[in-house]
Structure formats: C-alpha cells, structure tokens
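Please read it beside the coordinates.

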Amino acid sequence: MAQSVHTSVASDPVIRVSDLRKAYGRTVAVAGVSFEVQAGEIFGLIGPNGAGKTTTMECVEGLRAPDSGAISVLGLDPVRDVRALQERIGVQLQEAQLQKRITVREAVELWAALYRSPVDGDALLDQLGLRDRRQAWFMTLSGGQKQRLLIALALINDPEVVFLDELTTGLDPQARRTIWDLVRGIRARGKTVFLTTHLMEEAERLCDRVAIIDRGRLVDLGTPAELVRRHCPAATVVLVTSDPDAPAVFRALAGVTSVTGDAGTITIRGRASDLVAEVIRGVAAHQIHVTDFRTELPTLEDVFLEITGHAIRD
Amino acid sequence: MLRGLWRLTWLEIKIFVREPLGVIGTVAMPVVIFLVLSRLTGRQTSAADAALPAAPSDLPVIVAMLVAVSAVLSLVAIMAIYREGGILKRLRATPLRPHTILAAHVLVKLLFSALTLVALAVAGRQLVPDGADVPWLSFGAAVLFSTGCILSLGFVIASVVPTARFAQPFGAVVLYPMLGLSGLFFPVDALPGGLQAAARLLPLTYAVSLQRGIWRGDTWVSHGGDVAVLLLVCALCVAVSARVFRWE
C-alpha cells in the first residue's frame, strides 16, 4: 500500500488536510491538524467530546470554512468547490434529524431528486434493512433505524467518500454492531470512509487507521495495533493459584516488570510481545496449579490515557 | 438553482397536513372564530352599520392581514424548529440552497393562507351586500402578492431567530406593532407625527393600502407605489436573509 502511494497518481490521498486551524471566538477548536486519508480505507478521527473532531470533519466536508490551513478532498477545495464536492461525497452529521412526519421513502426520494446520479432508493433501503419501514414516519423509527436511514441518505448519490460523524452514539450494542457491519459493507464497495467516534472499541474494531485528536491537536496516527504497540507495550496476565512459590517464579521470567498480589490472585505485568508465552512457559516448567487465567491486553482506550494523560470519558 | 423546490414543497404540504393541530389551527379555527363572532355580533352590527363606516368594507382586509401575520409567525416557528432539531443542518449538506427551503415553506404558507381566505369568504359571503361588485380575483391576487411580500419579513426573522421557544414571541413583537401602525385600525394620517413617519417606513402599511384600494375597486396602476414598495421590501429581505441565514 505504502509503496503504491509514490508510484501512482491514482492512489493520491483522497483527503489531505494540512495545518487546519479553526476557532470560535476565543475558543480554539482545531489548532493545527494535518493528516491524509487513503482511498478505500476506513479512517477514524478519535478523541473525547469537544476535542475538535466534528469541527475538523465539517471543515473537510465544506460545511465550515477553516481559519487557516489547506484541505483537499478528491482534488477539490471544500470551500471553493463545495457544489462539485457535494455530488461526490455523502455525509451523516452528528445530531442531524429529519422532519418528524416525513416517511422513510419520502426522505429517500427527496434526497434522490437532489443529486444528479442517484442510486436506486428501494435497493438501498433493502440493503440497510429498512424495507419494512418505508411508510413509517421518521419520528416512529428506533434510534438504530434513524441512523440507518441517515446512512442511506449519505449513500444515495453513490459517493466516493462517506463521512460518518459519531454514528453509533446513543445506540444499544446490538444496533451498534449492525451499523459496524454496514460501514464495513461501504468499504467493501470500494468507498473511502472517514468517521469520528469517541468510542475506542468502535475505532478499534472498525478503523483501518485512526488519528487521535485531543484539545484541537492531533496526538498520533496509525493502525490501532501500531498505536497500541507504540504507546502501551505492556500487557497484564491475571491468574489464580494457591502455589506459594508462584510469585517468585513469575518474577524471574524474562520481560516481566512487576508481580503483585500473593497466593490467590496474582497480577503479572510485562512486555506485551512475549508476556503470555513466558508466563505459560513458567507455569508449565514449575507445574504450578492454575485455577483461572486471563490476559488483559492494552486497547486504544489505554493508548489514549497514556498519551493524553486523561481518560476519554472526561 | 431551485432544484428540488417542487418536490420539497409537495413534501412539506403532506407533512403539514399530517399534523392535525396545524391544519385545524391554520384553516379551520379562523373560520370557526369568524362564524361565532359574526353570529354573536351580527344583530347589533347590522343596526350600527352607520356608526362604523369603515368596518364592514375593511373586514376582508383585516382578515387577510391577520392571516398573513399568522402565516409569518408560523413560518418563523417552523424554521426555528427545523434549525433547533438539526433538520436544516442535514439539508445543508445537500445541494439544496437556503432559498429553496424558505421558498418551499412560503409556497406552503401561501397555499394554506389562500385556503383559509377562501373558506372565510365562503363563510362570510352573506356579509357582502347582494349585487355588490366585488373584484374577487383582483383582490385575491393583491392578498397573495402582499402576503408573499410580508412572508419575506419572516425570511429575515426566521433566518436569525435562535430557538423555537423564542421564535413566536419575537415574531409577534416585531409584527403586531407593524400591524397596529399599518392603517388597518387607525388611518395613518390620524397618527401623531413620529408614528406617522414610522408607519410610512413599514411594509405592512403598503400591503394594507394595496388591499384596501383593490377591494374598493381601484386599479392596480393607481397603487403602483404600494406594489413597488412591497417588491422592494421583498427583494431587500431576500438579500438580507441570504446573508444572515443560519443553518444551526
């Protein structure tokens, strides 16, 4: 992937943002953010509420004019070429609603009428599992159905890039999983997805690459696995044993940084790359009788805490 | 430019009709109030007609202006609800332009204002003396034209008013004084100097002058000044609202 970027014009980044800045009065929302989104990937902008995710995304969509910095989407300037851009992108906005008494079908038909080359609305509703709700008023839809309709509207013009802002916020876990599958389906059709989320689990499961943004600044960028390796190289094994010699055995293992707890529940921390293998080796070699065993691998949530010094749910 | 206007207008008509309270309040209530009031006051006014020379002939203008003002308030409220609910925000990210959205709502308001006025005219036809030569079509055109221009005031208010809760009172505070000074209830010439000057700056004064003149059988040409002022106000309001329109 990385090599083709240099050899082919076709794989120029779909979105290129450099040194984006935006303030509302004295409040600086975005303080110099730069990143690129490649064709065909799901790119996530993650961070707590108020970090500048939505402002960044809305500048990229052409809904807000940046104070300074350069943005290019599909080779277009989102401010200057907003009309041309609107035909080629699809957006789902945070906290957007439709008229309470508009039906699902009417919304899709209205949106289809607004674009030059819309896809078949009924087929889209089938794909999003809204076939049975076509005659339903927007106000009667469940949270998940509303989001699926808003995704349908974002896809009606067969866009090349789809923007999804906090699309599963407020949904129950099952509805969330359905939406994740839909987003993967969008990628499978060759589209680029740019999303924001404050849910680290969502970013971890869905995104090919994530950019962590905090207080208007981009803190780091990479695949979820890269970020975890880079910032949280430690893993934890928790096991239960009554063997009194066990703590000493584990302390002697390579790569182990700390062993806490006594006979009973023992917590072992060490290098993520080989901690589990080492612990299992130790257990086998000394025939320690283990009654419970679990590993705690670091997640993006831990990465966030590590590099910003505060939890995402602040 | 106005891509989606007809579809959006038709859609908004359907959506409006789906809220029973809105239709009852807009079309049915004025007719009911009109009928009740005319029953209650009918006997006395027929005897007192001579004492109130302007009242009977001005009734259609008063009714038309009240319907226009309520249409403006309703337009302002709907836009505020759409803004507060994030509906405008979502529409913004489509090729729809603010003026298409406003124009669709103006067409809906004009349609239901016309329905209300027709219903009122039917209900009040016995108040018009038999054989009176009333220029119905011309008056209808004057009412629709001036209502359209008055609705453009709603454009400006609707473009900036922040919340739905604030929209109705704000609109009322702007519009009712204008209505009071419009010459509808007191002749503009009878007002004190300062208020007279104010009345001549307000668009509703010209709407009243146009409608009253046409109802009394004047030609449109003799009210060219009123038409010109109303068109100017409309153009001005459209231009201002284009600058100050807020999507969220």
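The points below take the interface first, then the cavity, then a pocket.

1. The model is predicted, and the values here are computed from it. At the interface, 24 residues of chain B are in contact with 29 residues of chain A. The two chains bury about 2500 Å² between them, with 56% of that area on carbon and sulfur atoms. On the side of chain B, Arg3(B), Arg18(B) and Arg90(B) supply 28% of the area buried against chain A, more than any other three residues.

2. The polar part of the interface comprises four salt bridges between chain B and chain A, and 11 residue pairs in polar contact are found across it. One salt bridge joins Arg18(B) to Glu106(A), with the closest N and O atoms 2.6 Å apart. Arg18(B) is also one of the three arginines named above for their share of the buried area.

3. Which elements of chain B each supply at least two residues of the side that touches chain A? They are α1 (5-17) and α4 (87-92). The largest share, six residues, comes from α1(B). By class, this side of chain B has nine nonpolar, four polar and 11 charged residues.

4. The count of cavities of 30 Å³ or more comes to one, and about 80 Å³ of space lies in the largest cavity. Its lining draws on both chains: residues of chain A, including Glu61(A), Trp111(A) and Tyr115(A), are joined by Arg90(B) and Ala93(B).

5. The most comes from β5(A), with three residues. The lining divides into eight nonpolar, two polar and two charged residues.

6. The second largest pocket holds about 580 Å³ of space. Of the 23 residues that line this pocket, Arg101(A), Glu19(B), Ile78(B), Ile81(B) and Tyr82(B) lie nearest its centre.

7. Within chain B, α1, α3 (54-84) and α5 (98-123) each supply at least two residues of the lining of the second largest pocket. The most comes from α3(B), with seven residues. By class, the lining has 10 nonpolar, eight polar and five charged residues.

Methods: Residues are numbered from 1 along each chain as its sequence is written. Chains are lettered from A and ligands numbered from 1 in the order in which they are written. This is a predicted model: local features need pLDDT of at least 70, side-chain atom pairs count only at pLDDT 80 or more; totals for chains, interfaces and linings use all residues. Side-chain values use heavy atoms; hydrogens and water are left out. Contact means heavy atoms within 4.5 Å. Buried area is the accessible area (1.4 Å probe) that two parts lose on being put together, summed over both. A salt bridge is a side-chain nitrogen of Lys or Arg within 4 Å of a carboxyl oxygen of Asp or Glu. A polar contact is a pair of N or O atoms within 3.5 Å; within protein, one must be able to donate a hydrogen and the other to accept it, and residues adjacent in sequence count only if both atoms are side-chain atoms. Helices (H or I, at least four residues) and strands (E, at least two) are DSSP runs, numbered from the N terminus. Ala, Val, Leu, Ile, Met, Phe, Trp, Tyr, Cys and Pro count as nonpolar, Asp, Glu, Lys and Arg as charged, and the others, Gly among them, as polar. On a 1 Å grid over the protein atoms alone, a cavity is a set of points where a 1.4 Å probe fits but cannot get out, and a pocket is an open set with protein on both sides within 12 Å along at least five of seven lines; lining residues have an atom within 4 Å of a point. Grid points are joined across faces, edges and corners, and a volume is the space filled by probe spheres set on the points.
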